[in-house]
Amino acid sequence: MKLSHSLITLLVSVNIGHASSLDVYQDQTFYHYIPNNNFIGFGQGILATCEGSSVALTGMSICPEDDRLCQILTDLRTAEQKVQNVVANTNVLEKLISLPQPTTFDAASSIESAKLIGEEQSRLLTRKKMLSQEVNIQQQRFRKQAPTQQAKESITLCKDEMELTIPYGYVSFSTRYEAELKDKDEISVTQYLSIINRSGIDIEADTAMFYYRSANQHVYPTHFRPWIVSKYIPRPRVKRVAKSKKFRSEEIQMDMAMVSSQKEMSSRRLSAPVATYEDAREYKIKNLTLPSTGVHLDLPVLTWNTVLSCDVRVYPYEKREAFHVCSFKPKYQIDSNEWKVKSSSKVINENASGEYRDEKYHIYTKIEEEIKVLRKPIVQKERETGIFGGIARKKDGFTLTLTNKSDKDKTLTVIERIPTSTTEEIKVKLLEIKSAKKVNYKILKDGKIEMKLTLAGNETKKIEVLFEISYDKDLKVSY
């Protein structure tokens with residue numbers, strides 16, 4: 001049996017009309033859905049509209065029993081009631097103890113009564129402590145998932161699409177990356193979307209969009225105005241009249257009030273985070289179930305492979321640690337500089353850093369523990385300064401000692417430097433880089449020196465870098 005075209009169109013339109021959606025921005029969240037009842041959730045600062053018209057929300061004493069958060073709240077209330085029962089029993093016991101004692105004294109009976117009373121007091125105290133701990137656990141559990149224990153409902157039932165505006169901070173997301181080093185020449189990058197909901201509203205959306213930008217963007221009107229050149233006419237000098245103390249005091253108070261007001265406005269503007277990304281990025285997820293659990297939901301968004309080059313580097317003038325860095329050209333924009341790096345499914349670094357630099361992206365994967373580096377200046381007595389025709393020439397330098405503590409060969413790049421001058425009056429030149437074996441190096445701009453080294457297992461290599469600074473003998477230089 002074939003459906004008519006008009007009937008198919010009607011069914012599609014009804015399906016689309018009842019679709020739920022979620023839009024998460026950096027400053028607030030919009031949730032559209034068709035409600036089945038008046039119950040909203042345990043939200044705070046929520047604004048509701050039904051087909052564009054505002055809907056008032058009110059508190060409710062009893063929430064639906066089948067709601068997940070209501071069940072958690074019921075467990076909390078039950079635990080609190082048990083604590084109150086123990087407290088009430090303790091109070092009754094204390095009142096019984098305080099009642100007038102009989103005039104005749106029976107030692108055996110008194111001892112037995114005291115024993116029973118003591119045991120009951122101990123039992124009640126222990127039970128109260130255990131139940132109080134349970135209440136604290138239940139309170140923390142609920143507080144993690146919802147900002148308030150007050151359930152909310154709409155005064156009138158919305159029979160069409162309901163829009164909830166959820167304030168900043170209750171639904172948020174971030175991106176993170178995992179890098180799998182396939183081999184020396186390839187990397188597999190997986191991007192994850194990490195979403196958290198603590199709004200007090202369990203969300204189910206057919207389509208969810210996540211935007212790395214603010215929903216409230218203030219674009220100020222800007223129009224052309226001519227740049228005027230005119231004949232200079234000096235302004236007449238205005239005599240300043242000394243202000244009275246009273247007037248000056250009032251002026252200071254006004255200034256302080258204005259500063260306070262500006263600070264308040266500034267704090268309001270900064271309450272929502274400012275996007276730190278150059279381009280607006282957005283993500284889409286279909287059939288998203290996002291309960292308000294306060295637990296991160298991690299979903300893979302994108303996976304791609306690209307060519308990779310890795311190197312071991314050390315900057316002795318800055319740090320004595322050698323480190324691994326892997327570089328590649330991303331196929332997609334990298335939104336976050338926090339990485340988890342793996343190789344052959346084994347974790348290399350749970351918290352590696354990355355950055356865009358020199359038209360590539362670089363991940364600093366791990367420290368090379370087996371390479372030890374020492375850097376020492378040439379001792380003072382070995383420095384030479386001579387004057388030739390009014391020009392002072394000063395020789396200086398430093399020594400590098402690199403040790404490979406492992407049994408395997410290690411290849412690394414050493415980045416060093418000599419002083420660089422910003423004036424013609426001071427000139428710097430590299431004299432030599434010497435070692436027991438020839439060093440493969442190149443001198444780059446701004447005094448940068450790049451050396452390629454291979455250290456055999458347990459080998460130590462000593463490198464001496466010498467340079468000369470020439471300047472007018474009457475100048476004093478520092479570096």
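Trainee: Which residues lie nearest the centre of the largest pocket?
Mentor: Those are Y31, Y33, N36, D202 and E204, out of 23 residues that line the largest pocket. Keep in mind that this is a predicted model.

Trainee: Which strand gives the most to its lining?
Mentor: That's β3, with three residues. Strands that each supply at least two residues are β2 (28-33), β3 (39-41) and β11 (203-211).

Trainee: How do the lining residues divide into nonpolar, polar and charged?
Mentor: You get 12 nonpolar, seven polar and four charged residues.

Trainee: Switching to rings: how many aromatic pairs does the structure hold?
Mentor: It holds 19 aromatic pairs. One of them is Y25 with F30, where the centres are 6.0 Å apart and the planes are 80 degrees apart, making the pair edge-to-face.

Trainee: Are Y25 and F30 buried or exposed?
Mentor: Y25 is buried because its relative accessible area, 18%, is under the 20% cut-off. F30 is buried too, with a relative accessibility of 18%.

Trainee: Which residues do ring pairs link into a cluster?
Mentor: The cluster takes in Y177, W304, F328, Y332, W339, Y356 and Y361.

Trainee: Last one, about charges: what does R176 lie over?
Mentor: R176 lies over the face of Y192, 4.3 Å from the ring centre. There's also R375, whose charged end sits over the ring of F398 at 3.9 Å from its centre.

Terms used. Residues are numbered from 1 along each chain as its sequence is written. This is a predicted model: local features need pLDDT of at least 70, side-chain atom pairs count only at pLDDT 80 or more; totals for chains, interfaces and linings use all residues. Side-chain values use heavy atoms; hydrogens and water are left out. Rings of Phe, Tyr and Trp (its six-membered ring) pair if their centres lie within 6.5 Å; planes under 30 degrees apart count as stacked, over 60 as edge-to-face and the rest as tilted. Buried means under 20% relative accessible area, exposed over 50%, partly exposed in between (1.4 Å probe, protein chains only). A charge sits over a ring if NZ of Lys or CZ of Arg is within 6 Å of the ring centre and within 35 degrees of the ring normal. On a 1 Å grid over the protein atoms alone, a cavity is a set of points where a 1.4 Å probe fits but cannot get out, and a pocket is an open set with protein on both sides within 12 Å along at least five of seven lines; lining residues have an atom within 4 Å of a point. Helices (H or I, at least four residues) and strands (E, at least two) are DSSP runs, numbered from the N terminus. Ala, Val, Leu, Ile, Met, Phe, Trp, Tyr, Cys and Pro count as nonpolar, Asp, Glu, Lys and Arg as charged, and the others, Gly among them, as polar.
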